[in-house]
Amino acid sequence: MGLLLTGIGDKVMRLWSLESYKCVGEYPIPDKVPLVDFDFDESKIVGLVGSRICIWRRNGIRSIFPSREGTFPKGLCMRYSDPDAVVGCVDGTARVFDMYSQQCSQIVKVHAGPVTCLCLSDDQLILSGSSLGSITVSNLLSDQRVAELRSTHSTDIRTLCYNPSPHRLFAGSTDGYVFCWDLRTRRCLWETRVSPNVVYSMQHLRNDESSLVVGGIDGVLRILDQNTGEVVSRFVLEGNLLSSSSSSSSSHQNVVGSGTVQRMTGRRLSQNASIDSIPRSSRPPITCLAVGMKKVITTHNNKYIRTWKFN
């Protein structure tokens with residue numbers, strides 16, 4: 001986990017080194033077109049820009065899909081796994097685009113309502129969540145929906161995370177629930193309300209079957225037991241600034257400007273601690289997160305990227 005890409009709500013996407021805390025690349029977004037979602041690998045960035053698919057090569061060259069092949073009803077989310085980019089649309093379809101032919105190769109009806117989040121598996125499955133509270137499993141090879149998952153507390157599904165080793169699918173909702181399903185039996189293993197507010201993002205360490213890291217609008221970083229759904233620990237910033245230094249951006253790809261690197265202490269909350277009593281400055285909303293070995297990266301609306309390090 002050496003690189004991080006940011007860009008939603010900005011005019012450029014920025015690629016960051018998690019080792020040096022420096023911006024190592026900037027990729028301009030087409031004028032007057034919002035960046036809805038994006039994904040990337042070691043060679044390119046794939047973005048859902050307005051109602052078009054856009055590709056940025058890591059050398060800075062940008063290409064936009066032809067209008068006839070690259071436009072579709074309003075897209076709400078996107079995931080990329082070479083050679084396919086899958087877009088979840090407001091009309092309940094998942095549209096599959098081939099990155100090399102730049103054509104829409106499949107249209108799969110996955111929900112009766114808007115598709116709010118997507119997850120792709122290595123065995124050609126599209127996992128999709130809906131604003132209606134349902135989750136579907138569709139097969140890319142057959143263009144068919146093969147399963148529908150729903151919980152008793154399902155509302156708007158905001159985020160999905162799939163662990164292929166134990167075949168577990170995790171989902172987070174707008175009313176603060178986290179769910180876990182076994183895709184082999186299609187049975188809900190557990191559901192836990194971790195917060196009264198929206199869960200925006202969740203992830204686990206690759207090949208790890210023990211912990212799930214969850215973040216959302218209340219700004220509390222939570223670690224759950226994958227097997228039981230129990231909240232093992234909760235973290236916020238202590239607020240004490242240990243050090244502050246400027247960090248100049250890399251000269252790679254004409255990146256200019258500088259940022260500030262601050263070191264602060266975190267605090268593990270007790271089991272009975274009241275979240276409402278903690279200042280919002282210590283827990284800005286966690287909009288996205290990534291999990292590495294003994295560290296978690298979180299992004300926030302206040303433009304900060306945070307690295308949480310654990311001993």
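Tutor: What follows treats the chain as a whole and then the aromatic pairs in turn.

The model is a predicted one. Its protein chain contains 27 strands and 1 helix. The radius of gyration is 19 Å, close to the 19 Å that the globule rule gives for 311 residues, so the chain is as compact as a globular protein of that length. Along the principal axes, the C-alpha trace spans about 55 × 50 × 30 Å. Of the 311 residues, 50% count as buried. Among contacts with a separation of 6 or more, 41% are made by residues 24 or more positions apart. The accessible surface amounts to about 15,000 Å², and carbon and sulfur atoms supply 47% of that area. As for charge, the chain carries 35 positive and 28 negative charges, whose mean positions lie 6 Å apart.

Against this background, the structure holds 5 aromatic pairs. One of them joins Phe-65 and Phe-97 in an edge-to-face arrangement, with 6.1 Å from centre to centre and 70° between the planes. Buried means under 20% relative accessible area. Phe-65, at 0% relative accessibility, therefore counts as buried. Phe-97 has a relative accessibility of 1%, so Phe-97 is likewise classed as buried.

A further pair is formed by Phe-170 and Trp-190; the ring centres are 6.1 Å apart and the planes stand at 40°, so the pair is tilted. This pair, too, links distant parts of the chain, with Phe-170 in strand S17 (residues 168-173) and Trp-190 in strand S19 (residues 187-193), 20 residues apart. Both Phe-170 and Trp-190 are buried.

Finally, there is a cluster to consider. Tyr-177, Phe-179 and Trp-181 are linked into a cluster by ring pairs.

To draw the two described pairs together: Phe-65 and Phe-97 are edge-to-face, while Phe-170 and Trp-190 are tilted.

Note on methods: Residues are numbered from 1 along each chain as its sequence is written. This is a predicted model: local features need pLDDT of at least 70, side-chain atom pairs count only at pLDDT 80 or more; totals for chains, interfaces and linings use all residues. Side-chain values use heavy atoms; hydrogens and water are left out. Helices (H or I, at least four residues) and strands (E, at least two) are DSSP runs, numbered from the N terminus. The radius of gyration is taken over C-alpha atoms; the globule rule is 2.2 Å times the number of residues to the power 0.38. Buried means under 20% relative accessible area, exposed over 50%, partly exposed in between (1.4 Å probe, protein chains only). Contact means heavy atoms within 4.5 Å. Accessible areas come from the Shrake-Rupley method with a 1.4 Å probe; for residues, only the protein chains shown count as cover. Lys and Arg count as positive and Asp and Glu as negative; His and the chain ends are not counted. The place of a charge is taken as NZ of Lys, CZ of Arg, CG of Asp or CD of Glu. Rings of Phe, Tyr and Trp (its six-membered ring) pair if their centres lie within 6.5 Å; planes under 30 degrees apart count as stacked, over 60 as edge-to-face and the rest as tilted.
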